[in-house]
Amino acid sequence: MFKFWKARNFDCSKAAADLQSYLDGEIGAETASKISSHLRQCVGCKTEAVKFERIKLALQRQNAPVNAEIIENLQQFASNIADPNQA
Ligand SMILES: [Zn+2]
């Protein structure tokens, strides 16, 4: 599913691994700027970043239920990145 943009962009697995920390602001400035520039040129990772941000906002508000399906998709995305042989 993610093979197309993964093959084109070597940084996707790195970006995905650090995406959540990046959005939480728990990451070094150097890595943050790398991820931020990657997100500008990679639609696949940008889409995931938007999903992460939506979940984060929902959790912060506490009044918007988080869609379990979205979390499952995120977990699948993460495991696909971590182990491409199972993708
Ligand atoms: Zn990417």
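**Helix packing and the nonpolar core**

In this predicted model, the largest nonpolar core comprises ten residues, namely Ala 15, Ala 16, Leu 19, Tyr 22, Ile 35, Cys 42, Cys 45, Ala 49, Phe 77 and Ile 81. A nonpolar core is here a set of buried Ala, Val, Leu, Ile, Met, Phe, Trp, Tyr and Cys residues joined through C-beta atoms within 7 Å. A residue is buried if 20 or more other C-beta atoms lie within 10 Å of its own, exposed if 12 or fewer, and partly exposed in between, with C-beta atoms placed from the backbone. At least two residues of this core come from each of α2, α4 (43–61) and α5 (68–82). The greatest share is that of α2, which supplies four residues. Contact requires that the C-beta atoms of two residues, placed from the backbone, lie within 7 Å.

Residues are numbered from 1 along each chain as its sequence is written. Because the model is predicted, local features need pLDDT of at least 70 and side-chain atom pairs count only at pLDDT 80 or more, whereas totals for chains, interfaces and linings use all residues.

The protein contains five helices and zero strands, in the order α-α-α-α-α along the sequence. Helices (H or I, at least four residues) and strands (E, at least two) are DSSP runs, numbered from the N terminus. Of the 87 residues in the protein, 15% are buried. Among contacts with a separation of 6 or more, 53% are between residues 24 or more positions apart.

Helices α2 (residues 12–24) and α3 (residues 29–41) pack at an angle of about 110°, their axes being 10 Å apart. Axes are lines fitted to C-alpha atoms, for helices over the stretch in contact, and angles run from 0 to 180 degrees between N-to-C directions. The two helices α2 and α3 are therefore roughly perpendicular to each other; angles under 35 degrees count as roughly parallel, over 145 as roughly antiparallel, 65 to 115 as roughly perpendicular and the rest as oblique. The crossing of α2 and α3 is left-handed, a term applied if the near helix is turned anticlockwise from the far one by less than a right angle, with right-handed used if clockwise. In this contact, Ala 15, Asp 18, Leu 19 and Tyr 22 of α2 meet Thr 31, Ala 32, Ile 35 and His 38 of α3. By class, five of these residues are nonpolar, two polar and one charged. Ala, Val, Leu, Ile, Met, Phe, Trp, Tyr, Cys and Pro count as nonpolar, Asp, Glu, Lys and Arg as charged, and the others, Gly among them, as polar. Ile 27, in the loop between α2 and α3, touches Asp 18, Ser 21, Tyr 22 and Ala 32, not counting residues up to four places away in sequence.

For α2 and α4, the packing angle is about 20° and the axes are 10 Å apart; α2 and α4 are therefore roughly parallel to each other. Their crossing is right-handed. The contact joins Cys 12, Ala 15, Ala 16, Leu 19, Gln 20 and Leu 23 in α2 to Gly 44, Cys 45, Glu 48, Ala 49, Phe 52, Glu 53 and Lys 56 in α4. Its residues divide into eight nonpolar, two polar and three charged. Phe 52, in helix α4, counts as partly exposed, with 18 C-beta neighbours inside 10 Å.
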